[in-house]
Every structure is written in structure tokens, then in C-alpha cells.
Protein chains: 2
Amino acid sequence: MNNLHELVRELRQPSQSKIVLLVADGLGGLPLEPGGKTELETANTPHLDQCAREGVCGLSIPVLPGITPGSGPGHLGLFGFDPLEHRIGRGILEALGIGIEVGPNSVAARGNFCTVDRNGLITDRRAGRPTTERCAEMCQLLQQIRVPGVEILVEPVREHRLVVVFTGENLGDAVNDTDPQQTGVKPLPAKGEDEASQRTANAVNAFVEQAARILHDHAPTNMVTLRGLSRYPKIDTLQEVYGLRAVAIAVYPMYKGLARLVGMDIADAGSTLQDQMHTLERLWDRYDFFFIHFKYTDSTGEDGNFDAKVEMIEKLDAVIPTIRALKPDVLIVTGDHSTPSKLRSHSWHPVPTLLLASSCRTDAVEEFGERACLSGGLGQFEAKHLMTLAMAHAGRLGKFGA
Amino acid sequence: MNNLHELVRELRQPSQSKIVLLVADGLGGLPLEPGGKTELETANTPHLDQCAREGVCGLSIPVLPGITPGSGPGHLGLFGFDPLEHRIGRGILEALGIGIEVGPNSVAARGNFCTVDRNGLITDRRAGRPTTERCAEMCQLLQQIRVPGVEILVEPVREHRLVVVFTGENLGDAVNDTDPQQTGVKPLPAKGEDEASQRTANAVNAFVEQAARILHDHAPTNMVTLRGLSRYPKIDTLQEVYGLRAVAIAVYPMYKGLARLVGMDIADAGSTLQDQMHTLERLWDRYDFFFIHFKYTDSTGEDGNFDAKVEMIEKLDAVIPTIRALKPDVLIVTGDHSTPSKLRSHSWHPVPTLLLASSCRTDAVEEFGERACLSGGLGQFEAKHLMTLAMAHAGRLGKFGA
């Protein structure tokens with residue numbers, strides 16, 4: 001993969017062309033019955049079908065066949081990074097998810113409020129799933145914790161979940177989880193695998209010790225465990241690799257965070273798809289690459305609501321003319337993974353993908369859907385190659401070798 | 001790739017079978033309008049269509065999705081070498097292109113005649129694009145240059161371009177370009193990154209110094225710059241890897257040179273496709289592997305002449321019966337890359353490919369064309385795998401493992 005990026009750096013050439021990457025989160029689906037239609041096939045999508053006819057289609061394999069990605073690897077693949085080579089720690093992803101900006105001197109952890117008995121043994125790893133309000137109150141209590149030489153940020157996520165970010169000089173992230181993943185035992189002390197990580201471990205232990213005192217009388221949320229300690233990954237930016245001025249037009253913090261990770265500017269995108277379209281129009285002259293993220297195809301899939309997912313796909317279809325009116329040189333519509341409502345979860349199934357550009361080789365695909373895309377000209381391809389295809393169709397890659 | 005070649009060496013077995021690789025340069029194309037037909041789809045190709053029905057089809061990805069190859073990487077892929085692992089320097093390719101035989105003790109450079117002012121600053125990097133005749137005259141002047149211990153060959157290419165080959169003991173090729181890629185500055189002195197390369201750099205500097213004196217009164221062609229200094233790449237031969245006695249039946253020097261690079265014998269192939277067919281018949285008993293190169297599908301594509309490319313494809317189709325009459329065990333028809341006349345250049349689009357052998361699993365493809373090949377049994381595959389497929393269908397590969 002580094003080779004692919006080196007190759008792209010070597011071949012890329014300046015251009016005024018513009019690329020739009022429209023990601024319908026969890027786009028791919030499943031029929032409810034064998035031989036039935038998927039959500040995308042059921043939806044009435046005249047504009048996407050028109051794109052499929054004029055463009056080239058295929059199916060994107062997010063990581064490898066059979067591998068179901070989370071949002072992190074799913075998006076990294078679409079941004080042209082090998083998701084197996086660039087891992088994003090759980091702590092970092094949780095921090096991104098609530099919009100915390102994590103810098104290179106920080107280590108982020110996922111936290112759980114839990115319940116311990118008088119001997120300090122865990123009786124409930126999730127503290128009876130407190131309300132999110134209570135979670136916020138408890139976090140406020142923990143914000144008084146001070147550890148010398150390390151700045152600590154505590155933010156609630158939801159129910160028993162929180163994020164703790166440690167910021168300081170030379171903090172490593174090779175630190176074990178303090179969550180023992182079972183009840184009847186004490187939380188584990190943190191240990192660092194190297195000097196820098198031991199500094200982090202010391203801060204973690206100091207934090208947990210003070211937290212235990214502060215939370216002592218607040219059962220069932222009377223203790224906290226930390227896991228997934230991780231630093232902000234070192235990753236090249238889209239500017240560095242592709243020479244693209246890139247902007248993310250996303251509503252949810254997680255996706256803004258993932259975009260920031262690869263160096264995109266983050267637009268103030270409002271809260272609706274219409275807001276996102278206005279943002280796109282407003283920023284059109286200032287960027288080369290536009291990542292537009294649409295969340296609701298995933299969330300309806302996770303809810304197991306087939307009809308609602310169909311409706312969300314139709315909503316997405318309705319904005320295609322707005323995007324096409326801007327005349328992007330390359331328009332890609334895809335997803336970061338499948339989220340079949342039948343499974344109520346992310347899945348490994350390849351994701352229907354279309355690419356529209358004047359230089360694309362049209363295929364026989366007449367509509368945008370899972371089965372139709374099987375006969376598409378892009379074939380089935382690993383998601384990490386999509387950016388190279390976008391660059392080629394945008395006239396931004398020169399010839400390799402003479 | 002080395003692994004693939006090691007595997008092939010391990011599995012290959014003797015056979016009397018014969019393989020024909022017919023390369024229509026730049027074969028793949030694009031429709032002029034979305035939904036229209038490509039050049040190949042437009043052409044009337046009864047014989048290729050017959051092969052498609054009797055054989056198995058697919059699409060070859062020359063390097064990686066989205067990567068447009070030059071002729072060098074395009075052919076190396078077809079010959080079974082990973083084009084990313086075996087790079088051919090610009091100087092070598094330029095030398096191959098004009099039919100210069102470059103040996104393992106040589107370093108080849110692309111040269112430009114340029115114009116310098118009285119202070120030696122470059123005013124025109126291409127010397128006002130002189131005629132090819134003048135280029136030849138100037139090269140003749142430069143042929144008098146002598147540098148002790150190094151043999152120097154100077155040959156004209158076209159307009160301002162020439163080739164200079166340095167031959168001697170222990171010459172390295174880690175030498176910078178002397179072309180500064182801008183005007184208003186002097187040509188750069190050559191420097192070697194190691195001892196062997198410094199020897200080359202010394203020869204380059206001595207050559208350039210004498211060239212400056214000789215060309216002094218010949219403005220605008222009063223100076224020369226060199227770039228792309230490169231040695232003949234070390235590459236295994238088809239004999240070594242595949243155990244094949246291979247011959248190239250090509251008309252253009254570049255393709256003969258590329259074939260020589262992988263150890264093929266070079267036939268005296270005449271100048272027309274008919275000559276090439278006679279050569280094939282003449283050499284049939286003496287070789288196992290026949291690489292036949294047809295240039296005009298590429299050159300018409302580069303000219304942007306859709307109709308002429310169609311015509312050239314039909315010419316190619318007409319010789320298929322001649323090849324089949326020889327009863328090759330494996331016949332492959334493909335291209336080294338696409339050259340859509342719509343783009344007037346090489347492109348990244350996958351290349352229609354057919355393989356005909358008694359052991360092939362026929363698919364439902366009824367005609368040889370880009371869209372038809374999408375449903376072919378070979379699928380979309382990286383070009384470097386084609387030789388292994390050829391070997392298998394030729395009964396030249398044993399079982400891997402027990």
C-alpha cells in the first residue's frame with residue numbers, strides 16, 4: 001500500500017478537476033427473502049439509475065472478502081488507505097465520535113463506568129447502564145482530577161461510556177486495558193510496555209485512583225475502567241498523497257473526525273442533507289475533493305428497518321441532480337460497508353459503487369443495485385483502489401513508465 | 001512477484017505445446033458517447049468473435065486499477081513480470097525505441113539538444129525543436145567525442161531528442177539529470193551517488209564539456225542535456241522462469257527491445273502484418289512461445305482516429321485464421337493497455353483479453369468486446385497473471401502440493 005501511495009505521488013499531475021465522493025453509510029443491503037430485492041433495489045432511484053447508465057458500476061470490498069469493517073476502516077479504505085495497515089485505536093475513534101480534537105501529544109481511552117463492591121471487585125462492568133444524564137454528571141465530577149504533568153479531558157459518550165484523553169510530553173500508547181472483561185475481580189492496574197507508555201500508565205493509575213475516591217459514594221457508578229488506549233495515528237494526508245484540497249461535508253462528529261485524520265478541512269455542514277448540499281455549493285470553488293457523508297442509510301439498517309432504509313436511499317437519490325448541476329469531473333456514489341436491515345448490523349457484503357466521468361467506460365448496468373452492479377465495468381475491487389480510479393478519471397494521474 | 005516466479009519454476013514441466021501471444025497495442029477503447037460502442041465493439045471481427053465463443057474471455061488490468069502504463073510496464077505485465085517491481089529506465093527505453101542494443105555494461109541516457117546564451121544559461125530546453133535531419137547532423141558531430149575508458153554511442157531520435165549510451169567497466173546509473181527542467185539556468189553537472197555512478201558522472205561531464213565546444217557555433221542546437229540515465233535492468237528471461245523458447249515477431253524497435261529484455265529471440269519480421277504471419281509460419285517448429293506485436297491499434301488511438309482504429313482491429317481479425325491454422329495449443333489475444341481514441345492517449349481501462357485452448361472453460365461471451373468480456377470466465381485480473389494462465393492451459397504447469 002505504501003507502494004501504491006508512492007506510485008500515486010510519483011504520477012500525480014496538477015488539474016483543475018473536481019471529485020465528489022458521496023458516501024451513503026452502510027449502503028449495501030440484503031433481500032429479506034432469497035430472490036427478493038435489497039433496500040437499494042427496492043428504492044425508487046431515478047437519478048442514481050441515470051448515473052449508473054451513463055457511468056460505470058461495480059462493487060467495493062471494504063477490507064477483504066468476508067471482513068466486516070467498522071466505520072474507521074470502512075472510511076480509510078474509501079480515502080485510499082489500506083485499512084489493514086492503518087489502524088485507528090478504539091480510544092481515538094471514540095474521541096472522534098464525540099467531536100473531541102485529539103492532537104499528536106494525546107492518548108485517548110474509552111471508559112466504562114462500572115460497579116464495584118466493598119472489596120473493589122467488579123459486580124457490573126456497565127454500572128447497570130446509567131442514563132446518559134447521569135453519565136454526564138459523573139464525568140463532571142471526574143473533571144476535577146489533576147495529575148501532575150498531564151492534562152486530562154473527561155467527556156461523556158452515552159450510558160456507561162465516556163472518553164478520557166491524556167495529553168502530555170512523550171506519552172506512549174502501549175498500555176493494557178484496565179477493564180478485566182469479567183466480574184468478580186478488581187480492575188487491572190495499567191502497565192506500559194516501554195518508557196513512554198509507562199508514563200501514560202502512571203497517569204492512568206493516578207486518574208483511576210482519584211476516580212475511585214470521587215465516585216466512592218455514587219454506586220452503582222462507583223468506579224471506572226479504561227481501555228483501547230491509543231494515540232492519534234500517523235497517517236499521510238490527501239493533500240500529501242493525492243495533491244487534493246479536500247473538504248468533508250459531514251454531519252456526525254465521527255465522520256468529521258475520520259476526515260480530519262486524513263487532512264481534510266471540515267466544513268460547517270449544518271444538520272440536514274439539504275444543508276450539506278448548500279455547503280457543497282458554497283465551497284465548490286475552494287476545493288478539489290468533496291467527501292459528503294450521509295448517515296441514515298446505516299442507522300436505519302442498524303435499526304432493522306428495511307422500509308426506512310429504502311426511504312433514506314430515496315432521499316439521497318433526490319439530491320443527485322443538485323450535485324450533478326455543479327458538473328463534477330468525477331462523481332462517485334458508494335458506501336463504507338453494507339448494513340443490511342435483515343442483519344441489523346454492519347456486514348462484509350460488497351458495496352454497490354458507481355463512478356461517473358466523461359472518461360469512464362460505460363457498461364451494461366441500467367440501474368444502481370447490488371445485482372446490477374455485478375455486471376459493472378469496475379468489477380469487484382478492494383475499496384482502497386477507488387481513490388486511484390477517481391484520480392485517473394479526474395485526469396490527475398500521468399503515465400507510469402514510458 | 002518473485003514468489004510467483006519461484007512457484008512457476010517449481011511447477012513447470014516440459015511440453016511440446018505452443019503458445020501464441022498476440023498483442024494488439026492499446027487494444028482497449030472507449031465509446032465516444034455514454035452507452036455507445038468502443039472501437040473493438042464497432043469493428044466487424046468474425047474470427048475474434050469465434051475465438052471468444054470457443055475460448056474464455058476477461059479483462060486485463062495492466063498494473064493496478066487506475067494506473068495508466070507506458071509500453072514498458074504494459075508489456076512486462078503481459079510477459080509475466082510485475083511492472084511495479086521491474087522498472088525500465090527512460091534512457092534504456094529510448095535506446096530500445098530506436099533499436100540500439102544495450103548490454104549489461106552500458107548506461108543509456110535520453111538527450112535533448114537545447115539552446116544556451118553566451119553565459120551558458122539555457123534559453124530553450126528543446127532548441128526550438130529542430131528538424132530530425134538537423135538532429136542527425138548534430139549527432140554526427142558529437143560522434144567524434146572521445147572519453148578515455150568509456151565507449152560512447154550517440155544516436156538521433158527525433159527533433160531535439162537523442163540517445164547517448166556510455167559503455168565501460170563498472171558504470172553505475174545513480175546519476176542525476178543534467179537537464180535542470182527550466183530555462184535561465186545552466187545545465188547541471190552530473191554527480192554519482194556511489195563510486196560506480198561517479199565514474200558514469202565523470203564520463204557524462206566530459207561528454208557534455210566536449211559537446212559544448214563542438215556545438216558552440218551551431219545555435220540554436222548549441223548545447224545538450226542528458227536525463228533518465230539508466231542501466232539495462234536485470235530481469236530473468238522467459239527461458240529461465242517459464243522454460244520457454246520464445247521469439248518476438250514485432251516490427252517496431254521498441255517492442256523488439258522489450259522482448260529482448262526478457263530473453264526472447266528477435267525475428268526478422270518484415271514490416272507488415274502479412275510479413276509477421278509468414279515469419280510465424282517459418283519459425284513455428286523452432287519455438288514454444290510466439291509474441292506477435294501489432295502497433296497500429298495504438299497509433300490510431302493516439303491519433304484520436306476512431307474509424308482508423310476500427311479498421312486496424314479488422315485487419316488484425318483477418319489474420320486470426322492464419323494463426324489458428326497452425327493449431328497453437330494456446331492463443332491469447334490482448335493488449336498492453338487501452339488507447340481510447342476518445343482520449344488520444346494510453347489509459348488505465350482494463351484490456352479485453354481472450355484465451356483459446358482445448359482446456360479452457362468456455363463462458364457465455366459471444367463476441368470479443370469490452371462489455372462482453374465483463375462476463376467472461378477470466379474475470380478482471382492483473383496482467384502479470386496471464387503468463388501463468390497461458391502455461392497452465394498449455395499443459396506446462398504441474399500440481400502445487402500433493
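This report walks through two chains of a predicted model, from their pairing down to single residues.

## Before we start

Because the model is predicted, local features need pLDDT of at least 70, side-chain atom pairs count only at pLDDT 80 or more, and totals for chains, interfaces and linings use all residues. Residues are numbered from 1 along each chain as its sequence is written, while chains are lettered from A and ligands numbered from 1 in the order in which they are written.

## How the two chains are related

Two copies of a chain are related by a rotation about an axis and a shift along it. The copies use different surfaces, as 8% of the contact residues of chain A recur in chain B.

## Where chain A meets chain B

Two residues are in contact if their C-beta atoms, placed from the backbone, lie within 7 Å. Chain A brings 24 residues to the contact and chain B brings 30 residues. On the chain A side, helix H1 (2–11), helix H3 (46–54), strand E13 (379–382) and helix H14 (386–393) each supply at least two residues. Helices (H or I, at least four residues) and strands (E, at least two) are DSSP runs, numbered from the N terminus. H14(A) gives the largest share of this side, 4 residues.

By class, the side of chain A that touches chain B has 10 nonpolar, 9 polar and 5 charged residues. Ala, Val, Leu, Ile, Met, Phe, Trp, Tyr, Cys and Pro count as nonpolar, Asp, Glu, Lys and Arg as charged, and the others, Gly among them, as polar.

## Two domains in chain A

Chain A is divided into domain 1 (2–86 + 235–393) and domain 2 (92–231), with bounds from an automatic or database domain assignment. Their centres, taken over C-alpha atoms, are 35 Å apart. Each domain gives 5 residues to the contact between them. On the domain 1 side, helix H9 (residues 253–261) of chain A supplies the largest share, 4 residues.

## A buried threonine

Let's zoom in on one residue. Thr339(A) sits in the loop between strand E11 (330–334) and strand E12 (351–356) of chain A. Thr339(A) counts as buried because it has 32 C-beta neighbours inside 10 Å; the cut-offs are 20 or more other C-beta atoms within 10 Å for buried, 12 or fewer for exposed, and partly exposed in between, with C-beta atoms placed from the backbone.

Thr339(A) and Gly26(A) are 313 residues apart in sequence, yet 4.4 Å apart in space, C-alpha to C-alpha. The residues that Thr339(A) touches, not counting those up to four places away in sequence, include Gly26(A), Asp298(A) and His346(A).

Most residues other than glycine have a negative phi, and most peptide bonds are trans. In chain A, the peptide bond from Ala219(A) to Pro220(A) is cis, with omega near 10 degrees. Pro220(A) lies in the loop between helix H7 (195–215) and strand E7 (223–231) of chain A. In chain B, the bond from Ala219(B) to Pro220(B) is cis, with omega near 10 degrees.

Ala127(B) has a positive phi of about 50 degrees although it is not a glycine, and with 26 C-beta neighbours inside 10 Å it counts as buried. Arg344(B) has a positive phi near 55 degrees, but with 13 C-beta neighbours inside 10 Å it counts as partly exposed.
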